[in-house]
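Have the sequence and the 3D view open while you read.

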Amino acid sequence: MNLEVFKVFAESNIWSALWVEIALVLLALGLLVLELVLPANAKRTIPSVAIAGQIILLVLASIQLIQMPDDCSGMYFSQMILQTPQSAIMRIFFLLGGIFVSYLGTVYLARRELPKMEFFHIVLVVTAAFMILVQSHHFVVFFVALETLTIGFYVLVAYCRTSSASLEAGLKFLILGGFSSAMLLFGIVLLYGVAGNPLLPGYSTDSMNFSNLATFITQNPTNPLVLGGAVLVLVGMAFKIGVVPFQIWVPDVYQGAPTPVTAFLAVCSKAAGFIVIINLLNGPFLGLSDVFIPLLAVVAGLTILFGNIAPLSQRNVKRVMGLSGVAHAGYLLAGVVAILCGSAIAHGAIIFYLFTYLLGSFAVFAVMAHVSQKEDEIQEIDHYENFAKHNPFLALALVCGLGSLAGIPPLAGFIGKLILFIAIFKAGLYTLLGIAILGVVISIYYYFGWIREAFFHIYAIGERGTTDDREQLVDVLKPTPMHALAIGVLVTGILVLGFYQGGLIDRLFYML
Amino acid sequence: MVVGRNPVNGAMFMILSLVGVAGLFVLLNAFFLAVLQILVYAGAVMVLFLFIVMLLDVDVVSKRSPGNLTIAAGTVSVFLLGLGFVALLDRPQMLPEPTLLAPERLPSLETPMAFVTGIQAYGYSLFTKYMLPFQMTGLLLLVAMIGIIVLSKRFENKSV
Amino acid sequence: MDAYYSSFIYLAVFVPLITGLMLLPMNTSAVNTTRSIALVGFVVPCIVSIWFAFGFYTSSASGEVYQALSSVDLGLEGLLGISLRFGLNGVSMPMFLLAGIVGLASGLYAIATAAHRLNLYLALLLIMLSGLMGTFASTDIFFFYFFHELALIPTFIMIGIWGGQGRRTAAMEMAVYLTLGAMISLVGLIMLYAQAPAIKTFNLIELKKYFQATGGATVLADNTFAMLLFGFGILVSLWPFHSWAPRGYAAAPSSAAMLHAGVLKKFGLYGLIQIAAPLLPIAGSQWIEVLIWLALGNIVVIGFITMAQRDLKLMVGYSSVMHMGYIFLGIATLSVAGMGGAILLMFAHGLSAALMFMLSTSVYRRTHSYDLNEMGGLGQQAPLLAGFFIAATMANIGLPGFANFWGEFTIFIALWNQYPWVVVPAATGVIISAVYGLRAVANIFFGEVSQSLKDYSKEHPITDIRLGERVPAIILLVALLAVGLYPKWMGDKLESALLKDYAKPQAVAPANVHVN
Amino acid sequence: MDWTKVFLSILLLPLVAALVNMLFLRRNGTTAALVSITAAFFSMVLAMIALFKCTERYSVSFPWLSLGDFQASMGIYYNPMTATMLFVVTFVGFLIHVFSVGYMSDDPAKGRFFTGLSIFMFSMLGIVLADNLIMMFVFWELVGFSSYMLIAHYWNTEEARSACKKAFIMNRIGDFGMLLGIAWTYWHYKTVNLQALEVFSSQPGFVIHGGIALLLICGFIGKSAQFPLHTWLPDAMAGPTPVSALIHAATMVAAGIYFLCRIFCILDAQTLEVIVWLGSGMVVYAGICAFAQTDIKKILAYSTLSQLGYMAAAVGLGFPGLALFHTTTHAFFKALLFLGSGSVIHACHHEQDIFKMGGLFKKMPLTTALFAIGTIALCGVMFTSGYFSKDAIIEVAYFKNTPVFILLILGAFLTAGYMGRLFYVAFLGSPKSQNSEHAHESGFFMLVSLVVLAGMSLIGGYTQGWAPFARQLVSGELDTVHHQIVSLQAEGLFSVLGILPWAIGFAIALLFYGIGAKKDALQNHLPSVYSFVNQKLWFDEIYGFYVRNVQQRFADILNFCDVVLVGGLLVRGTAGLVGVVGMMARSLHVGNIHIYVYWFLAGLIIYWSFAMGYF
Amino acid sequence: MTLHSVILVAGILFITGFLGVLLRRNTLIVLMSVELMLNAVNLAFVGFSRYNNTMDGAVFVFFIITVAAAEVAVGLAILVALFRRRQTVMLDTINQLKD
């Protein structure tokens, strides 16, 4: 037998293309080693090592991104990995996410008697998996990356094993996640089978490759197996990003999960899901746009409404964040529909929105991590009473974060929404835009209600009011200088991106 | 296994169906996968299940039968899912039957990724074309392992 | 020269912002430092605006020409045609000046208060001021909106923290309602942008050129105007979208109410005059009838409602809603005279509303009550306050000599040319506002000292208006009188600017015929 | 001589005085008085110079605001009317200033008072000089404001509190019509310039628009307190007496008449008819009402209403010159009467009830004499100023409109009646209260102005002595009247009518009330008549009812609707509805995985159906 | 044995697993049902792989089996930990997190 044929495959395995991911994994493995070799009193440096390593990687990846020519894209690993400017940008995104989750982890773990190093290890691996997921161009890599991060998330959600809420959330996430993985897989198998069928036009021998699949689907758009497979894949992804009606698990899991994990889920998992959906819908499923545009438009509208209406009477802040995350998924999905409708700027708008969402969410979650008590899952809005009086700095971060999420100028979230809405408008999705606007207005109620709780109890200048000088309900962890630095970076990012978008916009819109 | 009440019985039936699937694999000339199926699923996974079932003490499991509403919902679901599934296959021209070729044992030069029966072929593809996912699987297992340790190991309050 | 000038606009817009941000981390106890920093933030924009206005109104250039034009790309120019563009013409200059003056007055008033956490209070006020200066200096319709929001947000927070009774609900209602209005108008602005695909810019000057060249009559134009009209309408408390305003103002701390009711609310009107009407004249004329009916609702319905108020601050709030009706009517004429009157009235109302809000707080400080029926005879103890209050009331009801008169009068005259029947109900507002305004004056200051005031003053001796209240009041009054006594200095540039946007109708015979 | 500068100085001097007083002299009343008086004096001097030296019509105009097709200007239009009124306003005004120094000597708020007086002078002079309707409207409103401030001078009293409000609002109602009229004028005649209007109206083919005229005279009705807006004037007596004199006698109410004369060229026949009936009706109505008043100033107030009726009737009959003639003489004697009454009130320690006075002729003989001069001038006794002006109007009515003529004669009779009552009760007899017991003659400042005014009241009617330019105003019309009377051969009748009404009036008053009565005879003998008269045709009640029960109720109902329907149901209702939906959405999260799996199933089915095109 | 019959069997297995997740209250059996669904997918993969004559499907099955095993392991670990706290494996009672 002649093994030469397999050399062709092996030669395209250019590992250096994945240097960031590999470095992350090595860092993760390094943590394991450090845990073993370091003396007990030096182990506290492990989180710092993880964060510092990621920061170094962030810097390196940014340099690479800046120096990257505009039209660079390449296929590696037998066309299983497609590297585009988008993937380079998303690397930055996930690295940022990883850094902030690690930072939140240090805050969270400081109060709890839980294993520490493992958290950072899993976060690093999951971050790497995110990066590979958004670069995947083949269902096998796609699935393995997806499962790697999903299993990582099962563990992370249930990480607080002393809390039954965390475990319950983990179990729910696991069952529903496994269930949706099965559906996703069934979709993949249908697509694989039908696209590889040698009797159908446009078939290919490597039918799980996205390019081949795209060729096939454009030639067989009405094949029920194609439709069924695509729908099932979409359902699997819909679960990941939490759009109606697959949003139903979101608040439960977000509530039970440790706060850093909630942030990780809300930001990075959602972002990865959206990039994947864009990759799929804009790639293999492009031939099905006629079917998916109305479907996704309806789903997006419902998601926006649900995500904004459900948290109105919600008092648990983690559930509020979860549901508001559903609303943001709705806006983003509307942006995805805009891409399908041919809006040129929608793609960049979504990624820009994701960045603003990252900054805003992490600012809020950072505050939540500081406020969170022994029982992480019961963090009520009432805990924020008198918050601003006792923690002005955290309160500022809270306001900036919530304001950015609500899309209030001059914060980053507003610019994100603006570009997204312009994209939606230009795509001609007027009804969807109307719903989105309505959603934004409704969202003011709960975001502002939270701010109100934090701020409005405290002072009065004697115009009819009385000074309300109550003590705070809960004990808030004071930020250390490093924590303050991280929060400061987030707040600065929110403010700066609200005023000046120069560099990021250039990268986003001229490279994609 | 779906209708039975006892989880041990359920697990037994599960093993049965897994073995059945392995049989089908054999019929489809995927001998290596059939073996893998038996070893990993029936051998490892199901043993784990049974172990946990025993560990968690079957007695606790309630003997209540599902309510009428549940049964009705189940019927409707089966009906709807069946309907959807039938819709997938009701137009045979959309999934024509390919001519079934007798598989080679080893991959050929012209069609390296054609279906073959030999175990080596799996090795070749895993270490060349599917090198990356294969490596990632290792990572996945590592994460799962660490996760299980995190969830199960009794930690003393000293680390980090 | 423009670059040199425009750098001063940046000064006016960003000095308050920077000083505001500087105040945030200040120590609460360092009151004097706080006050001096804040003073800089309040004084600089005022000086710049007055200096600009002086240069502008004494120059020989036509009012339509934008002065001090500048543009800075903040990242969105290539993508969406959004840049930070500043410039002032005859229409925006009065508003810019208004923002500077009212900003200084409210700032001085705030500096003199003993609010808890004064640094935060002043910081929010400064951020608000920065937004206001930016809104009216922007020639980019995106930044026009952006700065408006920048000013709007601190309002909610200030109401929420330092407001009076019902502040929590009021702040919430205002936040949600005004966000609705703002979002609708944002969509309107986006629609404008989308209708000029050839130029792809948010630059107002370019858009004007484009729309005037193409006529702006696309399918979307009608809806666009409606969006802008109702979006702005909510922000300006067009009847029946007004219910946030009185309650919000009643709860707002005085300086915030001054800036919001005085200046920020003019955003929507300014938007209609500067953006919506000139860009979409045909669509505009289709919505005029609706606008007129709603504006009459503002004048007559709200006028009567104002009469029914027994709470001073609610009354002032409603009255400020009522006066928006005149401005809307002026806009509805779509003529130079009507728009000019509207701008004049906006300028004047900005000052007089601010003055009213300020003085009603001053009244409260002395009586500890807003209930008109419980008050009486305050004039004996505080004659100067009474004088200022009467002046403010008179300005509010459009007494000649105050700028309000010229605005209202011009609007009535302009309106008569097109809709004479509308002037009749509209002018009843003149009587209505006199009725409630004078009743308030009479109830608060005239007559014998009421029992509750007697009781209160036993423990809290009543003093007359202090320096910290007097100076802002004088600033506002002087500005009102400066335009009220001789409106021509502002009117000429205004006219030439508006003539550019609104085609000139046939001139009537000159008003002054020399026969001797 | 640069007349522009002269007229501007006349106009602006009081303003400067007011500003100086307001800004610097609030606490220094005496200096403030000095400043105001100086300004008034120089205004008067300049007005006199103009009266004698400026013998041509003069106009000048400055553009004030130009916005598209709206053009407003400020300007001066000087004609005989202006000359006369300038003199009257500055002259009487100056005397009132002088009087005030004495009258207000113990008032703590003297600074404010003189500021008000100066602003009032400024506004009034603005009306007089105005060359266009817009400028006139500007000063018209300012006059209303300054009268408001002056009436409110004693602001801690309840009367002042409601009176000032009432005065301003009544004036505003009139101004409302005037405003509409001006807007209509602007677009209909394409100009609001008075001189241009005069020129246009003299051109052939010019048609006067009746609607405009009717709207414009609303301003007159409000300012001159004509039916139905007359109720503010008696109430306005709550202000200090010099103010009453200034408002009633010299200026404010006369402004209405002056305004009518200025726009006479665009008043059509029907409008003039309306004015005639308004005026003559007021003559009788106010005359009757005066009988029920016991307050000396209110009696004079009603008398003013009545006299304004004469002037209005004169305008309505087509003789604006005569109306201004009567305005002039009326300014002198009514100012005299008011200042005289002020002197009395001052002497009696602010006692205003005539039935509590009495016997003043002994305590203050000079004042009594001067008051008597005022009374006879008002009643039109031979050879006083009132005789000439009033008789001329009655003569016009005689040959123009008989019913009006009868009303005017009746009015003259009533005037004598109530003035006789006032004089007999208050000045003659013996003191009826402590206050009048201790009355004393007034000081120098007050008397000096009384004396001057008394002189003018006696001789002001001799138009032969007027400056030639001002005389143009009346001479032509007087000649016409004279010719008509001669042609009708009614000189005899009028030599009788010149005496009869006042003679009978004085006589009946003397018989009915007697000297120094302690009680109101009408009230004693004919209580039903008295109470009827005292009700003044229930105008105050009707207005009060309207304000309380109609307007306020309506406002309350609207407020209720606003709070409950718009603010509550519409806005908060929507918010509440969304909130309820939110609670429902919240309750969907039951926490049970099975239910969630059903959601997934439903989602799968929905997506699948969508993809298959079942939806 | 035809391709259709293989797919039909896989479909039936998948629906059975689906039903198990829908109906069973015991978490262990629900987890097994998920495994069953994955197995159905495996069967379909092998079927397609065989009939389409491509190896990729068969290799994919290898990954699926690995993933399924890892998932089960983690799931059971969580379940055991949860059982230690709650003394139950019934899904109906695992609903502390709601509303």
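Ala386(C) has 23 other C-beta atoms within 10 Å, so it is buried. Keep in mind that this is a predicted model.

**Chain C overall**
- Chain C is built with 22 helices and 2 strands.
- Is chain C as a whole in line with a compact globule, or out of line with it? For 516 residues, such a globule would have a radius of gyration near 24 Å, and chain C comes in at 22 Å, which agrees.
- Along its principal axes, the C-alpha atoms of chain C fill a box of roughly 70 × 60 × 50 Å.
- Buried residues make up 70% of the 516 in chain C.
- Take the contacts in chain C between residues at least 6 apart in sequence: 82% of them join residues at least 24 apart.

**Around Ala386(C)**
- Ala386(C) sits in helix H17 of chain C, which covers residues 383-396.
- Setting aside neighbours within four places in sequence, Ala386(C) is in contact with Leu378(C), Gly379(C) and Phe445(C).
- Val441(C) is 55 residues away from Ala386(C) along the chain, yet their C-alpha atoms are separated by 7.9 Å.

**Where chain C meets its neighbours**
- The contact between chains C and D takes 62 residues from chain C and 53 residues from chain D.
- On the chain C side, the elements giving two or more residues are H13 (281-308), H15 (336-367), H16 (378-381), H18 (403-418), H19 (420-445) and H22 (488-501), every one a helix of chain C.
- H19(C) gives the most to that side, with 12 residues.
- Chain C does not touch chain B, and their nearest C-alpha atoms are 34 Å apart.
- Chain C doesn't touch chain E either; there, the nearest C-alpha atoms are 24 Å apart.

**Helix H1 of chain D**
- H1(D) runs over residues 3-24, and at 1.5 Å a residue its 22 residues should span 32 Å; the end C-alpha atoms are 31 Å apart, which agrees.
- Where is the kink in H1(D)? Look at Leu12(D), shortly before the proline Pro14(D), for a kink of about 35 degrees.
- Buried residues in H1(D) include Phe7(D), Ile10(D), Leu11(D), Leu13(D) and Pro14(D), and Ala17(D), Ala18(D) and Asn21(D) are buried too.
- Among the elements covering those buried residues are helix H2 (29-53), strand S2 (70-78), helix H3 (80-103) and helix H4 (110-129) of chain D.

**Chain B**
- Chain B has 5 helices and 0 strands, giving the pattern α-α-α-α-α along the sequence.
- Of the 160 residues in chain B, 35% are buried.
- Among chain B contacts with a separation of 6 or more, 35% are between residues 24 or more positions apart.

**The largest nonpolar core**
- The largest nonpolar core has 800 residues, and those with the most contacts inside it are Val336(A), Ala363(A), Ile424(A) and Ile78(E).
- Helix H7 of chain A (residues 164-195) gives the most to this core, with 21 residues.
- Domain 1 (329-525) and domain 2 (542-612) of chain D both give residues to this core, so the core lies between them.
- Beyond its neighbours within four places in sequence, Ala363(A) is in contact with Ala397(A), Cys400(A), Gly401(A), Ile487(A), Leu490(A), Val491(A) and Ile494(A).

Terms used: Residues are numbered from 1 along each chain as its sequence is written. Chains are lettered from A and ligands numbered from 1 in the order in which they are written. This is a predicted model: local features need pLDDT of at least 70, side-chain atom pairs count only at pLDDT 80 or more; totals for chains, interfaces and linings use all residues. Helices (H or I, at least four residues) and strands (E, at least two) are DSSP runs, numbered from the N terminus. The radius of gyration is taken over C-alpha atoms; the globule rule is 2.2 Å times the number of residues to the power 0.38. A residue is buried if 20 or more other C-beta atoms lie within 10 Å of its own, exposed if 12 or fewer, and partly exposed in between; C-beta atoms are placed from the backbone. Two residues are in contact if their C-beta atoms, placed from the backbone, lie within 7 Å. The expected span of a helix is 1.5 Å times one less than its number of residues. The bend at a residue is the angle between axes fitted to the seven residues ending there and the seven starting there. A nonpolar core is a set of buried Ala, Val, Leu, Ile, Met, Phe, Trp, Tyr and Cys residues joined through C-beta atoms within 7 Å. Domain bounds come from an automatic or database domain assignment.
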